[in-house]
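Work through the exercises below with the structure at hand. Each task is followed by a solution in steps.

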Amino acid sequence: MNKVLEEIGRIGIIPVVVLEEAEAAVPLAEALCKGGLACAEVTFRTKAAKEVIKRMSEAFPGMLVGAGTVLNIEQVEQAMEAGAKFIVSPGLNPRVVTYCLDKEIPVVPGCMTPSEIEQALELGLEVVKFFPAEPAGGLSMIKALAAPYTGLKFMPTGGIDVIKARDYLADSKVLACGGSWMVKAEMVKKKEFERITRLTGEAAELVKEYRMSE
């Protein structure tokens, strides 16, 4: 498995970040690192995404900063130019995946059906995002999908909170969970970075607790 994906598996919970303004990028990154999750999936849902990735990556070179909600090759290029170390997309776009693989960029596309999973396997992927995780059936659906595809790992994202994360982390088919409960927009807007650090620390402790035997 790609070293970046291995690192994502080690971290266990990936904070999913949506920032409207780049000014919050550095203090947010600092809060995540202090809390014990030196990682962020910065979504391309806002115009600030590229600058957020750039600022986080420059301020914390050891932090694993990736781009999420990547829908096309242009966004891949923007993310990588800004310093992103991995790409996540909500669905499986063969053009985006092929481009990333050709450039040796770690990519995790979203899949929620056997047909999409088989496309991912055909493209040579070992990890897929399961999105939207909770609305699509949660862990029970992952277990059902994983049964025929024994070598595949999942990164569920969508509707996962600190309670539900426990069961996901305990399952061997889950590489890592994506979550936003520790980086909610209102907390960032209010500059509640100490609270974000505390919630991130609790999430990091969950990873230790539920993956100690691995």
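**Exercise 1.** State how many aromatic pairs a search of the whole structure finds.

*Solution.* The model is a predicted one. Searching the whole of it gives zero aromatic pairs. An aromatic ring can still have a charge over it, as with Phe-131: the charged end of Lys-129 sits over this ring, 4.6 Å from its centre.

**Exercise 2.** Decide whether Arg-211 is buried or exposed, and find which backbone oxygens lie by its side chain.

*Solution.* Step 1: locate the residue. Arg-211 is in the segment that follows helix H10, which spans 193-210.
Step 2: apply the cut-off. Buried means under 20% relative accessible area. Arg-211 has a value of 10%, so it is buried.
Step 3: look at the polar atoms of the side chain. One lies 2.8 Å from the backbone oxygen of Leu-175. The backbone oxygen of Leu-169 is 3.1 Å from a polar atom of the Arg-211 side chain.
Step 4: list contacts. With neighbours within four places in sequence left aside, Arg-211 is in contact with residues including Gly-9, Gly-12, Tyr-168 and Asp-171. Leu-169 and Leu-175 are also among its contacts.

**Exercise 3.** Describe the largest nonpolar core and the surroundings of Leu-28.

*Solution.* Step 1: the largest nonpolar core has 81 residues, and Ile-8 and Leu-28 have the most contacts inside it.
Step 2: helix H10 gives the most to this core, with seven residues.
Step 3: residues up to four places away in sequence are not counted. Leu-28 then touches Val-17, Leu-19, Met-56, Val-183, Val-188, Phe-193 and Ile-196.

Definitions and conventions: Residues are numbered from 1 along each chain as its sequence is written. This is a predicted model: local features need pLDDT of at least 70, side-chain atom pairs count only at pLDDT 80 or more; totals for chains, interfaces and linings use all residues. Side-chain values use heavy atoms; hydrogens and water are left out. Helices (H or I, at least four residues) and strands (E, at least two) are DSSP runs, numbered from the N terminus. Buried means under 20% relative accessible area, exposed over 50%, partly exposed in between (1.4 Å probe, protein chains only). A polar contact is a pair of N or O atoms within 3.5 Å; within protein, one must be able to donate a hydrogen and the other to accept it, and residues adjacent in sequence count only if both atoms are side-chain atoms. Contact means heavy atoms within 4.5 Å. A nonpolar core is a set of buried Ala, Val, Leu, Ile, Met, Phe, Trp, Tyr and Cys residues joined through side-chain atoms within 4.5 Å. Rings of Phe, Tyr and Trp (its six-membered ring) pair if their centres lie within 6.5 Å; planes under 30 degrees apart count as stacked, over 60 as edge-to-face and the rest as tilted. A charge sits over a ring if NZ of Lys or CZ of Arg is within 6 Å of the ring centre and within 35 degrees of the ring normal.
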